[in-house]
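Subject: Handover of a structure and notes on what was found

Dear colleague,

Please find the sequence and structure below. My notes follow directly after them, and I would ask you to read them with the structure open.

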Amino acid sequence: MLAGGSPLQTTKDAADHELPRWTPDAASLIYFSPAVPGDLQGTLWEVPALGGPPRRVIDSLGGADVGPDGRLACFRLVGRKVELVTASTDGSDVRVIAAFDEPVYYKYPRWSPDGSWIAYQRGDGFRWDVFAVPANGGTP
């Protein structure tokens, strides 16, 4: 609902649309569509806030978070490694923040309010812990 009006549907295709996040200027939404059968990872999309055609941003294992400067943080699979990356909302300027070999799950990256850290969950499906890593890379 915008400015007290009626709800507005911004996505209209047959795919699932999950975990929406506003861009800092509120002009668009970033959302995740899960992998289709045969694919290992899903896709992050950007759609105008008032609706319109979505634009593919980057492959991802789950939802992303949008930092205060508009950069995305997400997890992706590259070979046998899971990478925590940041990218601009047009999918360019992808930076690897951390790479992981452990066969566990990585979920829900979240920027700190000042944009200097990215927190995330790591777990085996039963036990979950929270980690944080500097946004320019380093040891979690």
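I begin with Asp 65, which is buried because its relative accessible area is 9%. Buried means under 20% relative accessible area, exposed means over 50%, and partly exposed lies in between (1.4 Å probe, protein chains only). Please note that this is a predicted model, in which local features need pLDDT of at least 70 and side-chain atom pairs count only at pLDDT 80 or more, while totals for chains, interfaces and linings use all residues. Residues are numbered from 1 along each chain as its sequence is written, and side-chain values use heavy atoms, with hydrogens and water left out.

Salt bridges

Asp 65 forms a salt bridge with Arg 21, and their closest N and O atoms are 3.3 Å apart. Asp 65 belongs to strand β5 (residues 65-66) and Arg 21 to strand β1, so this pair ties together parts that are 44 residues apart in sequence. Strands here are DSSP runs of E with at least two residues, numbered from the N terminus. Arg 21 is partly exposed, as its relative accessible area is 25%.

A salt bridge is defined as a side-chain nitrogen of Lys or Arg within 4 Å of a carboxyl oxygen of Asp or Glu. Another of them joins Asp 129 and Arg 127, with the closest N and O atoms 3.0 Å apart. Asp 129 is partly exposed, at 29% relative accessibility, whereas Arg 127 is exposed, with a relative accessible area of 55%.

Arg 55 and its surroundings

Arg 55 is found in strand β4 (residues 55-60). Its relative accessibility is 33%, and therefore Arg 55 counts as partly exposed. The side chain of Arg 55 meets that of Glu 46 in a salt bridge (2.1 Å, N to O). Glu 46 is buried, with a relative accessible area of 14%.

Which residues does Arg 55 contact, leaving aside its neighbours within four places in sequence? They are Leu 44, Trp 45, Glu 46, Thr 89 and Asp 90, where contact means heavy atoms within 4.5 Å. A polar atom of the Arg 55 side chain lies 2.7 Å from the backbone oxygen of Thr 89. Arg 55 and Asp 90 are 35 residues apart along the chain, and their C-alpha atoms are separated by 8.5 Å.

Thr 86

Is Thr 86 buried or exposed? Thr 86 is buried, with a relative accessible area of 2%, and has its place in strand β7 (residues 81-87). The side chains of Thr 86 and Arg 71 are joined by a polar contact of 2.9 Å. A polar contact is a pair of N or O atoms within 3.5 Å; within protein, one must be able to donate a hydrogen and the other to accept it, and residues adjacent in sequence count only if both atoms are side-chain atoms. Not counting residues up to four places away in sequence, Thr 86 touches several residues, including Asp 93, Arg 95, Trp 111 and Ile 118.

Aromatic rings

The structure holds 8 aromatic pairs. Rings of Phe, Tyr and Trp (its six-membered ring) pair if their centres lie within 6.5 Å; planes under 30 degrees apart count as stacked, over 60 as edge-to-face and the rest as tilted. The ring centres of Phe 75 and Phe 100 are 6.5 Å apart and the planes stand at 55 degrees, so this pair is tilted. It links distant parts of the chain, with Phe 75 in strand β6 (residues 72-78) and Phe 100 in strand β8 (residues 95-100), 25 residues apart. Phe 75 and Phe 100 are both buried.

The rings of Tyr 106 and Tyr 120 form a tilted pair as well, because their centres are 6.3 Å apart and their planes are at 50 degrees. Both Tyr 106 and Tyr 120 are buried. Together with Phe 131, the residues Phe 75, Phe 100, Tyr 106 and Tyr 120 form one aromatic cluster.

Yours sincerely

Notes
Helix = DSSP H or I, 4+ residues; strand = E, 2+ residues; numbered from the N terminus.
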